[in-house]
Amino acid sequence: MSQKCGLVAVLGAPNAGKSTLVNALVGQKVAIVSPKAQTTRARLMGLAIEGETQILLVDTPGIFDPQRRLDRAMVSAAWGGTEGADLIALVIDAKAKFNSKARTLVDQIAAHSEPKIVILNKVDVADKGPLLTLASELQAMLNPQAIYFVSAMTGDGIPELKAELAKRMPEGPWHFPEDQVSDATDRMLAAEVTREQLYLQLHAELPYASAIETEKYEDRKDGSVAIHQQILVARETQKAIVLGAKGARLKEIGQRARTELSSILGKPVHLFLHVKVNPRWEEDRTLYQDIGLDWVD
């Protein structure tokens, strides 16, 4: 049987569950996840294999109405994820209201010429009654090739969805080795894991305006890796929140991030975290490059 390989652009509103879905399809964690909207910032590719097919899943930032430069860069990255796509997978939060913003997004995606499928996610916690009505409305608006009902969190419907994606990929050689699960560099992955812990531990307390800057990533002779990162916040009050009493919160963030990174990288990790106040970090072109975003005027 000949090999197949294709690109799927995973699009949707913030908090639709795109990253959780990509992780479920890949079979392991490649994208960070938190309850905070707009957790995903840059395009990241998860690599899933189904039989002789390699599916390149582009996990994109949520599409929303951008207010700031970072917002504009993220939305630009999301639409950029459709470039060269063999299929657009629109992920809809099945338990959220299908409001005017959601309709606008569907209309925007309908204007794209690529084949499309709709994935109604979180069906395990959605009211079953409105689901079929929503599905028929999306069918009329988008004319997708298929509509799937799944729960990325529980895994319901994921094997069937993965088989469907594989079926729609074109013939061609694989673009990545079989054992590779993501196109993210270890350096980028390290920053993302720390940012995930920041969000998970300070979800209600820390505003959206924070970023991780990797100052140094050094492979040591003993097989371990030393990573020096700065947590950038906009105000002194936010720095105090990240540090916690006598630095306890920062220590906990570092310990959890280090444990996960050691597991992902398969080697001991020495993680050094510092908190820096920079009210204008969103205007730092170098930082955008570091986190995989284009500078958008």
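Which residues point one way from β1, and which the other way? The close-ups below take up this strand and a helix pair in a predicted model.

**View A. Side-chain directions along strand β1 in the predicted model.** K4, G6, V8, V10 and G12 point one way from β1. C5, L7, A9 and L11 point the other way. Residues of both sets are buried.

**View B. Burial of strand β1.** The strand spans residues 4-12. Nine of its nine residues are buried, so β1 is largely enclosed by the rest of the structure. Buried here means under 20% relative accessible area.

**View C. Pairing of β1 with strand β3.** β3 covers residues 53-59. The two strands run parallel and are joined by seven bridges. In this pairing, V8 stands opposite L57 of β3.

**View D. Pairing of β1 with strand β4.** β4 covers residues 87-93. Five bridges link β1 and β4, again in the parallel sense. Here L11 stands opposite L90 of β4.

**View E. Packing of helices α1 and α5.** Two packed helices are described by the angle between their axes and the distance between the axes. For α1 (residues 18-26) and α5 (residues 158-167), the angle is about 80° and the axes lie 10 Å apart. Angles of 65 to 115 degrees count as roughly perpendicular. The two helices are therefore roughly perpendicular to each other.

**View F. Residues in the α1 and α5 contact.** α1 contributes L21, A24 and L25. α5 contributes I158, L161, K162 and L165. By class, the contact has six nonpolar residues, one charged residue and no polar ones.

Notes:
Residues are numbered from 1 along each chain as its sequence is written. This is a predicted model: local features need pLDDT of at least 70, side-chain atom pairs count only at pLDDT 80 or more; totals for chains, interfaces and linings use all residues. Side-chain values use heavy atoms; hydrogens and water are left out. Axes are lines fitted to C-alpha atoms, for helices over the stretch in contact, and angles run from 0 to 180 degrees between N-to-C directions. Helices (H or I, at least four residues) and strands (E, at least two) are DSSP runs, numbered from the N terminus. Angles under 35 degrees count as roughly parallel, over 145 as roughly antiparallel, 65 to 115 as roughly perpendicular and the rest as oblique. Contact means heavy atoms within 4.5 Å. Ala, Val, Leu, Ile, Met, Phe, Trp, Tyr, Cys and Pro count as nonpolar, Asp, Glu, Lys and Arg as charged, and the others, Gly among them, as polar. Buried means under 20% relative accessible area, exposed over 50%, partly exposed in between (1.4 Å probe, protein chains only). Two strands pair if DSSP finds at least two bridges between them.
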